[in-house]
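Me: I'm new to this one. Can you show it to me and take a few questions?

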Amino acid sequence: MTRENFLSDLKRALGGMTDQERRDVMYDYEEHFRMGAAEGKSEEEIARSLGNPRMLGKSYAIDVLLEEPKGGGGVTATSVLRALFASISLTFFNVIFVLGPFLGLVGGMIGLWAAAASLPLAGLGVLLSPVAAAIVPQYFSLAGMNPAVLFFAGAGVTGLGVLAVLGMWKLSQLFVKMTAAYVRFNARIVTRRK
Amino acid sequence: MNIQFKKGVLELCVLVVLCRKDFYGYELVQTISRNIDIAEGTVYPLLRRLMKEGYFTTYIQESAEGPARKYYQITEKGKEYQKVLLDEWRRFVSGVNTLIGKEAAA
């Protein structure tokens with residue numbers, strides 16, 4: 001990440017601050033880059049050792065929300081309301097960009113599971129239909145179809161269904177692993193990225 | 001090490017270091033990160049928060065090499081808070097060491 005990218009990401013993440021405060025914060029990081037460069041470090045190197053600019057911005061935003069308003073007037077109804085709206089908008093961002101896609105993916109997984117699970121069930125039904133017709137002919141008719149054809153078609157669909165379920169099992173494991181990796185990525189706030 | 005734990009200890013480290021002398025931001029961050037493995041950027045939000053709480057003040061001073069630097073200076077309130085934190089830390093460490101000692105002896 002270049003100096004330019006780092007600073008612009010940070011600036012964007014510094015919500016809820018006055019312009020003056022934002023300038024102060026930006027100054028600290030600009031100075032950090034300047035002094036790092038004077039020591040002969042590359043922009044990439046400095047940005048990496050600083051950490052994730054979005055996470056840094058978030059920690060400022062949280063601090064701002066928890067501070068009492070200026071002027072020593074204590075916490076007023078307006079400031080509480082404003083903090084509430086700000087935190088809702090932060091939450092809203094998470095809901096739209098994190099929870100939304102996540103729920104979509106979970107829905108997709110459930111749909112795929114239903115489709116995969118229905119295949120072996122349908123296969124078994126077809127496979128057992130000649131048997132059912134033999135035992136209870138008054139309830140079940142093959143409508144003139146060849147029992148052998150039904151048996152092999154049923155066996156084929158069942159096999160396909162078992163493969164589909166195994167595939168879904170693997171896909172679910174991958175899904176869980178990737179979700180865990182994403183959560184871990186989000187949690188890496190203080191530890192240095194190596 | 002646990003992230004929250006590191007964050008708490010970081011506050012103590014910043015105050016202890018600033019009790020010795022005034023530092024400018026970059027120098028302070030380098031001093032901390034030479035000894036503790038953290039993302040260097042996380043020191044700045046901490047500095048801002050501690051300053052808002054009145055534990056130290058800042059002043060700008062011209063430097064011989066390059067532009068002016070922002071220095072951090074500890075206040076009386078900061079010194080007192082540092083004492084409290086240091087005391088808590090020592091009690092915590094001695095407690096942990098006692099437990100570890102018992103564990104090793106058992």
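Me: How does Phe175(A) count: buried, exposed or partly exposed?
Reply: This is a predicted model, where local features need pLDDT of at least 70, side-chain atom pairs count only at pLDDT 80 or more, and totals for chains, interfaces and linings use all residues. Residues are numbered from 1 along each chain as its sequence is written, with chains lettered from A and ligands numbered from 1 in the order in which they are written. A residue is buried if 20 or more other C-beta atoms (placed from the backbone) lie within 10 Å of its own, exposed if 12 or fewer, and partly exposed in between. Phe175(A) has 15 C-beta neighbours inside 10 Å, so it counts as partly exposed.

Me: Which residues of H3(A) are buried?
Reply: Helices are DSSP runs (H or I, at least four residues), numbered from the N terminus, and H3 of chain A covers residues 43-50. Its buried residues are Ile46(A), Ala47(A) and Leu50(A).

Me: Why do the buried residues of H3(A) line one face of the helix?
Reply: Look down the helix axis and take the directions from it to the C-beta atoms; the arc is that of those directions. The buried residues of H3(A) line one face because they fall within an arc of 95°.

Me: Which element gives the most to the side of chain A that touches chain B?
Reply: Two residues are in contact if their C-beta atoms, placed from the backbone, lie within 7 Å, and 19 residues of chain A are in contact with 19 of chain B. H2, H3 and helix H4 (53-66) of chain A each give two or more residues to that side. With seven residues, the top giver is H2(A).
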